[in-house]
2 protein chains.
Amino acid sequence: MPAPRQIFVAVIGCGGVGKGFLNQLSAVTSRVSRSSSPIYLSLVFLSRSSKALYSPSYQSLSLSTWEADLAKSETAVPSPQQIADYLSAAPSKVILVDNTSNQDIAASYPLFLKKGINVVTPNKKAFSSDYALWQSIFNAAGNGTGAGGYIFHESSVGAGLPVISTLKELVETGDDVQKIEGVFSGTMSFLFNSFMPVGGGGGSFSAEVKKAKELGYTEPDPRDDLNGLDVARKLTILARLAGLSVESPTSFPVQSLIPKELESCQSGDEFLEKLQQFDQQMDALKEEAAKEGKVVRFVGSIDVPKGEVKVGLEKFDLSHPIAALKGSDNQISFYTKRYGANPLIIQGAGAGGDVTAMGVTGDLLKVLHTIR
Amino acid sequence: MPAPRQIFVAVIGCGGVGKGFLNQLSAVTSRVSRSSSPIYLSLVFLSRSSKALYSPSYQSLSLSTWEADLAKSETAVPSPQQIADYLSAAPSKVILVDNTSNQDIAASYPLFLKKGINVVTPNKKAFSSDYALWQSIFNAAGNGTGAGGYIFHESSVGAGLPVISTLKELVETGDDVQKIEGVFSGTMSFLFNSFMPVGGGGGSFSAEVKKAKELGYTEPDPRDDLNGLDVARKLTILARLAGLSVESPTSFPVQSLIPKELESCQSGDEFLEKLQQFDQQMDALKEEAAKEGKVVRFVGSIDVPKGEVKVGLEKFDLSHPIAALKGSDNQISFYTKRYGANPLIIQGAGAGGDVTAMGVTGDLLKVLHTIR
């Protein structure tokens, strides 16, 4: 039996995804320590917005009492540079898990990777901001060259659904990806499945937005969903993986569902209050689609040969797979040369702490399998 | 820049999947040789049923003229033991690609793996025969322990669709897989989508079987599809990955669509000729389903907590995702604790040389990323 290896894990962010991840890490840690080739995973750094937990001797933190331990901590969160110095001086290989959606931490990935720290994350900002950051991250990442660390980000699109790994495999095995199309936002999925369900019904648009917010399907300020930027970020990531040099999530047409007249609203509440003045516009769209025997959905699409990316409302036949979506499910279709007329489709929950964490934990396992 | 690594590839079987794989290998070989951490992939063994190509000095075979070279070869195919000896004496790491559906080669996987040879394959027989062979394969496989070789078999279920990798990730990240259900056979999918399309229509069952055979959707003898064994093998693999110790693909209920009275037919042609005598039975089933507002499909399902696996005809509501399938597509739904009421669904072509080869090439890349 080979000697057990120790691998250090550092976690930034312990909100919904972070908690889910730490739960899953606890199960994984126990499983891999009992395998025929044991690995000892050791949590050596943990931080949330204001507090951190770590020791100069890389003492292992508890995966059962971390929440109380962090609450008691009086240690401030170190800067990304300090975190990088701390982790790169560790006596074992390190996997850094960024469960935030923080732009500053994303901007530090090249720093971490160059120091040989492996990074796994659902943080969309790292991969959908300026193209320069994307290039800087993947130039710094070794991903097999033996120099920089590995980076995986399955959960940056479609949460735990195998969207990014599938696209990478299509590209790497030499398929010709022609079009990627789908519903990429759980919020938008829920909203339009409720606003215009197949078979008729649904309330006014503003009422459905209010309902979605009350049920927790939107961001605290629903404008953060309705502006389409979240979907645009995901499309940016997929388009880049498909080989397009998309400059930023605002460098292609993105339809915002925030009426121009309401862009100046001071608060989400004021916006929600005034949104009903625009219900007629959405109702007209609904009627128009119904007359054509279609439904309206908020989708994103990438035409790879044409280099076109777009995000917005489109009408779909009732027999189209997108019309059959339920609840807040995502659905991503890959049209490729090999798959022909019927696309490769991946569907299911594309948001939520546990399924997002699953993608992160899966990425951690991929790094483990590679660096062990 | 790190020194380039050489990795040897050996290929058994060059029919439809094998040809597709060798095409893809050619593209991959060229790509990885130009990466920032170059790998030289070298084909050092190639065989089909009667002939082989290889040299004692592990000379690289041509990926552009292999077909003509193999046709000219007068070298007989060595035994699995001889292949294992040849490959394990190689001066580089070896990935053996078995593109056959041969039981004898499958039975030799433990031999290859113990000698440190990595194996990737779409060969269902290796993973769906006696449970003892399954155990023997995975005991021999190192998959990270540093001893035996790695083994990957994505294409043994759903061809290139990411079915096995997804199930493994659900299990390894600690999700609670409750049910796996779907259409696992392109032939059966095409047959029932034609026999009983949503919206009505479709010919007699025997006529649809004949049409499917003429269009190349069935095995040369369609009884090899209609007996349900192909689906039962795929279910056996998934059930074992989900943790069930399924003894064999005949150890659970499998509904054969070959009428008892026709089991003694001497040939596929005789069978096809006589099948129309049983069209009435299938028509009755079709009418019964139609009266309930449903369609009939040939599906497999695994109830993990109950340990139940079954394969056969079932009726589905028109709104069920299985009813919306088109052409010869597969559709696999994973019902898990994390995904809740709406399953994680993977859908698309589940058969065909190129898409099956894609799963094999993807597995080869997984091994490369790990052993490089």
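Helices here are DSSP runs of H or I with at least four residues, strands are runs of E with at least two, and both are numbered from the N terminus. In this predicted model, A:Cys14 lies in the loop that runs between β1 (5–12) and α1 (16–33) of chain A, and A:Gly15 has its place in the loop between β1 and α1 as well. Because buried means under 20% relative accessible area, A:Cys14 counts as buried at 12% relative accessibility, whereas A:Gly15, with a relative accessible area of 43%, is partly exposed. Leaving aside residues up to four places away in sequence, A:Cys14 touches A:Lys19, A:Leu22, A:Leu46, A:Ser47, A:Arg48, A:Trp66 and A:Leu70. An unreviewed UniProt entry lists A:Cys14 and A:Gly15 under "binding site", in a set that also includes A:Gly13, A:Gly16, A:Val17 and A:Gly18.

Further along chain A comes helix α10 (residues 205–214), in which A:Phe205, A:Ser206, A:Glu208, A:Val209 and A:Ala212 are buried. Viewed down the axis of α10(A), these buried residues fall within an arc of 160 degrees, and they therefore line one face of the helix. The partners against which the buried residues of α10(A) pack are α9 (186–195), α11 (223–226), α13 (268–275) and α14 (279–291) of chain A. After α10(A) comes A:Gly216, whose phi is positive, near 85 degrees.

The last step is to the pair of chains. Chain A is superposed on chain B by a rotation of 180 degrees with 0.0 Å of shift along its axis, at an RMSD of 0.0 Å, which is the relation of a two-fold axis. The same surface serves both copies, in that 100% of the contact residues of chain A recur in chain B.

Methods: Residues are numbered from 1 along each chain as its sequence is written. Chains are lettered from A and ligands numbered from 1 in the order in which they are written. This is a predicted model: local features need pLDDT of at least 70, side-chain atom pairs count only at pLDDT 80 or more; totals for chains, interfaces and linings use all residues. Side-chain values use heavy atoms; hydrogens and water are left out. Copies are superposed by least squares on the C-alpha atoms of residues with pLDDT of at least 70 in both. Contact means heavy atoms within 4.5 Å. Buried means under 20% relative accessible area, exposed over 50%, partly exposed in between (1.4 Å probe, protein chains only). The arc is that of the directions from the helix axis to the C-beta atoms. UniProt positions are given in the numbering used here, feature names are shortened, and annotations may be inferred rather than shown by experiment.
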